[in-house]
Amino acid sequence: MTSRFPDAGFIRADDVLQERLRPAEARRLDLQYGNEELLYGLDLLGLAGPFYRVNPWELEDEAGVRRINASGYAAMPFGEMPPVLTEFMRDFLEKNRAMGLPQQSSGPWRAALGANLVRLLARELPSHADSQVFFCSSGTEAIEGAMKFAKAWRPKAKYFISFSSGYHGKTYGSLSLTPNPEYQDIFRPLVPGALTSPYGNLEALQALIRRLGPDNVVAVVVEPIQGEGGVNIPPAGFLSGLGSYCRKHGIVVIADEIQTGLGRTGHWFESAAQGLDPDIVTLAKPLGGGMTAVGATIVRQPIYKKMLGGLSSKRHSNTFGGGALAMAVGLRSLEYLMDNDFPARSLALGEQGLARLQALQRRFPKLFEAVRGQGMLFAMQFQPMVGLPLPSVLKELVFEATAILALREMHEAKVMANLSLSSKRVVRLSPALDMPQATFTEMFDRIERFAQRNPSSRHILTNTPPAMTAQLAAFAASKPKKRTG
Ligand SMILES: Cc1ncc(COP(=O)(O)O)c(C=O)c1O
């Protein structure tokens, strides 16, 4: 059928499916109608895409250049459109009769996924045997739910404590717990009573709680390993100490496992692996298998009932949480993770990968300031580019741009990675947990070639085409403006 609105330039779904919407045109439209400044900056560096699937672990660009994909911000546990899920989804679309958005009625897919999640958590932390789940459609929404559960449990208390370099999302509540001035400043005042304590420092946390008075603290919200913060692993004893201190004072502990959970760091729940038994666990990213949007807030029963008890059971709700397709894909994803014990594989491959990075750091100390990793979550922190004959304003820019220029050089070396945006000079890898061994090894071979080409941080700059650096500098110095159309 042809469009009934031929003159309005409407694009038909089939045009996209059949790739008649050419990549350059898609990029132009995305710039024009979407987040133009972000895509423009990435486009200058050749990182804007669109990218297309070759297989679950490799993507290609419009020129047909193939790259191993270790990006996806830890939300792609089985890579791009994994057959295990696409086949299941075909089956689901053919056979499922349960309603799409059960909302206030019972839904078999939501029921099954809720039961499995609680049973899985209780296997690691038996005190969660009777916990309950609230489903939503993103990580930030899972955190919003967690904050409300905690506040309803301790209505007289007024402080939430999160940690330096932490990341919990960008809606108002979660943003208030994400102490990054770039994200927060223009939106002040934020949720009142959101305070920050230094990550990994138990004494500082205890001192802060003592100063506030423990009864005044609603909750402590913690990532068991910080992802956006640059893969920061807290010192041994931090999480378990935090847990016992908060328990003693009745303070709710919220473990944000949105990035770490379900195997990414080599454990089902990183908090449990580090000896923490949180009251609330948030999950999202991998739960939707990289195909659907699923978030979950798992809550101890009394806390759950306090907010959603009796006539107040509609105090917190949403339209899409618990939708059949999302829950079904979540159920199959979790099953696939369990059937193959991917957390164990992640732990083993993670050791290999970290050893490769550590060897590279020893060989190229002028390139890598630090490397970190736990399971299939890796960070490369680059040395500052020192001694450059540049005016100080440009030096600052180059300093800030180290990670993004490194990302581009890695892209040239045919590895797609991510930044860690609440950290400095960090590029992060979060490959699929089921990436074949040969692809995984090849990925580190390519990173080695990247390091050979850039034996020091300065090389990252000198290897960037000067015209590109100049365009980037001009872009960074310019005011937002319409760049397309
Ligand atoms: C630890 C953590 N919490 C929360 C979020 C927010 O998740 P979303 O982007 O789905 O809102 C993220 C996303 O990166 C995260 O890493």
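1. The ligand is surrounded by 15 residues, and the closest of them are Gly-139, Thr-140, Gly-169, Ile-258 and Gln-259; a residue is near a molecule or strand if its C-beta atom, placed from the backbone, lies within 6 Å of it. The largest share of this shell, three residues, is supplied by helix H6 (residues 139-153). Sorted by class, the shell holds five nonpolar, seven polar and three charged residues, where Ala, Val, Leu, Ile, Met, Phe, Trp, Tyr, Cys and Pro count as nonpolar, Asp, Glu, Lys and Arg as charged, and the others, Gly among them, as polar.

2. A note on the basis of these remarks: this is a predicted model, in which local features need pLDDT of at least 70 and side-chain atom pairs count only at pLDDT 80 or more, while totals for chains, interfaces and linings use all residues. Residues are numbered from 1 along each chain as its sequence is written. Helices (H or I, at least four residues) and strands (E, at least two) are DSSP runs, numbered from the N terminus.

3. Seven strands make up an open sheet, in the order E4-E10-E9-E8-E7-E5-E6 and with mixed pairing; two strands pair if DSSP finds at least two bridges between them. Strand E4 (132-136) and strand E6 (194-197) are at the edges, each with a single partner strand, so one side of each has no neighbour in the sheet. On average, neighbouring strands of this sheet are turned by 20° against each other, direction ignored. Strand E5 (residues 159-163) runs parallel to E6 and is joined to it by four bridges, and Phe-163 has Ser-197 of E6 as its bridge partner.

4. Two helices that lie across strands of this sheet deserve attention. H6 lies across E4, E5, strand E7 (217-222), strand E8 (252-256), strand E9 (280-283) and strand E10 (295-299), and runs at about 25° to E10. Helix H10 (residues 238-249) lies across E7 and E8, running at about 165° to E7. For these angles, axes are lines fitted to C-alpha atoms, for helices over the stretch in contact, and angles run from 0 to 180 degrees between N-to-C directions.

5. An open sheet of four strands has the order E1-E2-E3-E13, again with mixed pairing, and its edge strands E1 and E13 each pair on one side only. Strand E2 (residues 58-60) and strand E3 (residues 66-69) run antiparallel and are joined by three bridges; Glu-58 has Ile-68 of E3 as its bridge partner, and Leu-59 stands opposite Arg-67 in E3. H16 packs on the sheet, where it touches E3 and E13, and its direction makes about 110° with that of E3. In the hairpin of E2 and E3, which has five residues between the strands, Gly-64 takes a positive phi near 85°. E3 also runs parallel to strand E13 (residues 415-416), with two bridges joining them, and Asn-69 stands opposite Met-416 in E13.

6. Helix H14 (residues 342-363) packs with helix H16 (residues 437-453) at an angle of about 15°, their axes being 11 Å apart. The two helices are therefore roughly parallel to each other, given that angles under 35 degrees count as roughly parallel, over 145 as roughly antiparallel, 65 to 115 as roughly perpendicular and the rest as oblique. The contact is made by Leu-349, Gly-353, Arg-356 and Leu-360 of H14 together with Phe-440, Phe-444, Ile-447, Glu-448 and Ala-451 of H16; two residues are in contact if their C-beta atoms, placed from the backbone, lie within 7 Å. The residues of this contact divide into six nonpolar, one polar and two charged.

7. The axes of helix H4 (residues 83-95) and helix H13 (residues 324-339) come within 10 Å and cross at roughly 140°, and H4 and H13 are therefore oblique to each other. Val-84, Leu-85, Phe-88, Met-89 and Phe-92 in H4 meet Leu-325, Ala-328, Val-329, Arg-332, Ser-333 and Tyr-336 in H13. By class, this contact has nine nonpolar, one polar and one charged residues.

8. Some backbone details remain. Most residues other than glycine have a negative phi, and most peptide bonds are trans. A cis peptide bond joins Gly-49 and Pro-50, with omega about 5°, and Pro-50 has its place in the loop between helix H3 (36-44) and strand E1 (52-55). Another cis peptide bond joins Arg-188 and Pro-189, with omega about 0°, Pro-189 lying in the loop between helix H8 (181-184) and E6. Glu-19 has a positive phi, near 60°, in a residue other than glycine, and is found in the loop between helix H1 (13-17) and helix H2 (23-33).
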